Structures are given as C-alpha cells and as structure tokens.
Amino acid sequence: MSSFKTRCPSCHGLNRVPTERVSESPKCGKCQTQLLDGAPIEGTSDNFATLINSKVPVVVDFWAPWCNPCVGFAPVFSAVASERAGQLRFVKIDTESQQALGAQYGIRSIPTVMVFKEGKVLDSVNGALPKSQFEQWLNQAINN
C-alpha cells in the first residue's frame, strides 16, 4: 500500500495518507481537521503527484517566503481555499524548499498559480491577483 506524508493545515502535525484514500477526505490523526480540504496543503515531492492526479481540480500556488507579492497573495489563496472546500483542493509549493518541483513545472516567476485535473494542467497565471480577479480566473480555468 503506497502512501505519502502531509502536514495538517491546522496543527501542522505530520500525517501518513494512503494514496487510495485521498478521495475519502482524510482527517488529521492529532486534531481531526480535514487534511486536504478547506485550507492550503503543503505540497512536497512526496505528495504532489498523488494530489494533482485527483478528479477534484487542484489549484497550486508556487511561491517563496522572500517574495513580497507571494506573501501578499497568501491570504487571498487561503480565503478562496476555505470558501471552495469540497469543490477544489489548494496546494502551496515553496519553491525554495521544493526546487525540483519548481524546475519540473518550469516556474520562472512567482507567484505562479496552476490548476490541475487528473494530472494535467488546465491553466496557469503569473503574479498576485486581487481576490475578485483570482476567483474570475479560477472559474474560467475549471470550466474550460
């Protein structure tokens, strides 16, 4: 049985999730918060392939802690993740600690946001967007 590790968005506890149970809305073993819905998930080389191969669209923010536009966009990303819980999954990839993922997806500027479904990129946008523009872009990306 294959699995991946992911941090709880609430208590930051490390959880092991069997890959075949990703669609079952797994909960944190420590605080019982949903691990994959309602808040951005920390994307790593261990969990990313499993997360983006979902039938649920996955919105990915490639960012870095030193990037002021990235830091400014984070509350918008988190708010939309909370509002769209159960409809979409939201993942944040720190391009400093996950350089291989940044290189694999050709990230040249940050923030870059991509939408995946069943492992395929549906759309991407560069730069921090205000919430209304982000939601508009997201709606177009998932409905095409």
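1. Let's start with the hairpin end of the sheet. Strand β6 (residues 112-117) is joined to β7 by 6 bridges, and the two run antiparallel. Strands here are DSSP runs of E of at least two residues, helices are runs of H or I of at least four, and both are numbered from the N terminus; two strands pair if DSSP finds at least two bridges between them. Please keep in mind that this is a predicted model, where local features need pLDDT of at least 70, side-chain atom pairs count only at pLDDT 80 or more, and totals for chains, interfaces and linings use all residues. Residues are numbered from 1 along each chain as its sequence is written, and side-chain values use heavy atoms, with hydrogens and water left out.

2. In the hairpin, 2 residues lie between the strands, and Glu118 takes a positive phi near 50°.

3. On to the neighbour β4: 5 bridges join β4 to β6, again in an antiparallel arrangement. Here Val59 faces Val115 of β6. Strand β6 is mostly covered, with 5 of its 6 residues buried (under 20% relative accessible area with a 1.4 Å probe, protein chains only; exposed is over 50%, partly exposed in between).

4. Now the whole sheet. It is open, has 5 strands in the order β3-β5-β4-β6-β7, and its pairing is mixed. Because β3 (41-42) and β7 (120-126) each have a single partner strand, they stand at the edges, and one side of each is left without a neighbour in the sheet. Helix α2 (residues 68-83) packs on the sheet, touching β4 (58-63), β5 (89-94) and β6; contact means heavy atoms within 4.5 Å. The direction of α2 makes about 160° with that of β5.

5. Which angle do α2 and helix α4 (residues 131-143) pack at? It is about 50°, with the axes 10 Å apart, which makes α2 oblique to α4. Axes are lines fitted to C-alpha atoms, for helices over the stretch in contact, and angles run from 0 to 180 degrees between N-to-C directions. Under 35 degrees counts as roughly parallel, over 145 as roughly antiparallel, 65 to 115 as roughly perpendicular and the rest as oblique.

6. Finally, the residues behind that helix pair. Phe73, Val76, Phe77, Ala79, Val80 and Glu83 of α2 meet Lys131, Phe134, Glu135 and Leu138 of α4.
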